Amino acid sequence: MLAAQSVWRFLGRAWRVVGRVWRVVRQRRRSIAWAASISMVMLVVSCTLGAHALSSLSSPALPSYQAHSAAVFLTATPTHPPASTSSGSGGSCPTVAGQEDSAMEAWQLNAVNQARANAGVAPLTIDPRIHGETLQHSRDMICYGFGHFVPPGTTPASRMAAAGVTFNWHGENIGEAGEGTDLQKVMWLFNSMMAEQPPNDGHRQNILSPHFTITGIGIFVENGSGSLWMTEDFAD
């Protein structure tokens with residue numbers, strides 16, 4: 001009888017040990033699954049950053065005031081005009097086959113005004129003179145290269161002034177994207193700008209600035225490469 005009781009006590013202890021081990025295994029399974037999920041996310045992130053690093057090797061060095069993100073370059077000018085501006089012709093560029101995308105210009109204006117409404121800021125209205133010079137600037141960037149100061153010798157302020165615009169405040173956002181549909185490209189540009197965080201949020205500040213009342217948006221899409229070039233100028 002004593003031997004049988006000892007056996008039962010031993011089996012009971014063994015069963016409890018097995019139960020504890022099983023609970024640990026189940027907990028570890030959840031931990032392992034969670035760790036695997038985290039590892040997969042990190043893998044995706046590192047691949048994205050790796051692709052960015054590789055693409056930057058073949059790209060020209062950018063001035064420190066520019067931010068490079070994937071295939072899109074984004075830069076904002078100060079919201080207040082410089083003490084003096086200059087204008088100049090920097091030569092001429094060959095015509096590039098492509099077309100204005102007025103539907104995407106309208107989408108961008110609507111997205112900007114919706115963001116301003118959400119921030120309690122008055123909407124912007126299109127100034128045809130600014131629209132004309134931004135569309136030309138988007139074309140010019142294809143030839144001269146991505147930047148605010150093309151053609152050489154010009155600035156966003158001098159371009160608007162040459163178009164007949166008078167202003168106290170001005171700003172400019174530019175972008176270029178080459179992947180996806182035109183809508184996806186413009187959405188990527190807009191969302192990237194709005195996702196900026198202080199103090200590196202010049203594009204977002206331009207979009208939401210209460211100093212601006214008028215704008216012009218010029219979007220030009222190349223036929224061959226499909227690259228979409230966008231210039232948006234702001235003024236008051």
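Guide: Rings of Phe, Tyr and Trp (its six-membered ring) count as a pair if their centres lie within 6.5 Å; planes under 30 degrees apart make the pair stacked, over 60 edge-to-face, and the rest tilted. Keep in mind that this is a predicted model.

Visitor: OK, how many aromatic pairs does the structure hold?
Guide: It holds three aromatic pairs. One of them is formed by Phe146 and Trp229, with 6.4 Å from centre to centre and 40 degrees between the planes, and this pair is tilted.

Visitor: Where in the chain do Phe146 and Trp229 come from?
Guide: From distant parts, 83 residues apart. Phe146 sits in the loop between α3 (128-144) and α4 (156-162), while Trp229 belongs to strand β7 (residues 228-235).

Visitor: And are those two buried or exposed?
Guide: Phe146 is partly exposed, with a relative accessible area of 21%. Trp229 is buried, at 10%.

Visitor: Why is the pair of Phe212 and Phe234 called stacked?
Guide: The ring planes of Phe212 and Phe234 are at 20 degrees, so the pair counts as stacked, and the centres are 5.3 Å apart. This pair also links distant parts of the chain: Phe212 is in the loop between α6 (202-208) and β6 (214-222), Phe234 is in strand β7, and 22 residues separate them.

Visitor: How buried are Phe212 and Phe234?
Guide: Phe212 has a relative accessible area of 1%, and Phe234 has 0%. Both Phe212 and Phe234 are buried.

Visitor: Let's zoom out. What is the protein built from?
Guide: It has six helices and seven strands. Along the sequence they follow the pattern α-β-β-β-α-β-α-α-β-α-α-β-β.

Visitor: What share of the residues is buried?
Guide: Of the 236 residues, 35% count as buried. The accessible surface comes to about 13500 Å², and 63% of that belongs to carbon and sulfur atoms.

Visitor: Which way do the residues of β5 point?
Guide: His170, Glu172, Ile174 and Glu176 point one way, and Gly171, Asn173, Gly175 and Ala177 point the other way.

Visitor: What does β5 pair with?
Guide: It pairs with β7 in the antiparallel sense, over eight bridges. In that pairing, Glu172 stands opposite Asp233.

Visitor: Tell me more about Glu172.
Guide: Glu172 is buried, with a relative accessible area of 0%. Its side chain is joined to that of His148 by a polar contact of 2.4 Å.

Visitor: Switching topic: where is Gly216?
Guide: Gly216 is in strand β6, and Gly216 is buried, with a relative accessible area of 0%.

Visitor: What does Gly216 touch?
Guide: Beyond its neighbours within four places in sequence, Gly216 is in contact with Ile126, Ile130, His131, Thr134, Thr231, Glu232 and Asp233. Asp233 is the residue in β7 that stands opposite Glu172. As for Arg129, its C-alpha atom is 7.7 Å from that of Gly216, and the two residues are 87 residues apart along the chain.

Visitor: What is found at the start of α2, and what just after it?
Guide: At the start, a side-chain oxygen of Asp101 reaches to within 3.3 Å of the backbone nitrogen of Ala103. Just after α2, Gly120 takes a positive phi of about 75 degrees.

Visitor: Last one: what is Ser209 in contact with?
Guide: Leaving out neighbours within four places in sequence, Ser209 is in contact with Arg116 and Val121. Ser209 is in the loop between α6 and β6 and is buried, with a relative accessible area of 6%. A polar atom of the Ser209 side chain also lies 3.1 Å from the backbone nitrogen of His211.

Definitions and conventions
Residues numbered from 1 in each chain as written. Predicted model: local features only at pLDDT ≥ 70, side-chain atom pairs only at ≥ 80, totals over all residues. Heavy atoms only, no water. Helix = DSSP H or I, 4+ residues; strand = E, 2+ residues; numbered from the N terminus. Buried < 20%, exposed > 50% of the residue type's maximum accessible area, 1.4 Å probe, protein only. Contact = heavy atoms within 4.5 Å. Polar contact = N/O pair within 3.5 Å; in protein donor to acceptor, adjacent residues only side chain to side chain. Areas by Shrake-Rupley, 256 points an atom, 1.4 Å probe, with all protein chains shown as cover. Pairing = 2+ DSSP bridges.
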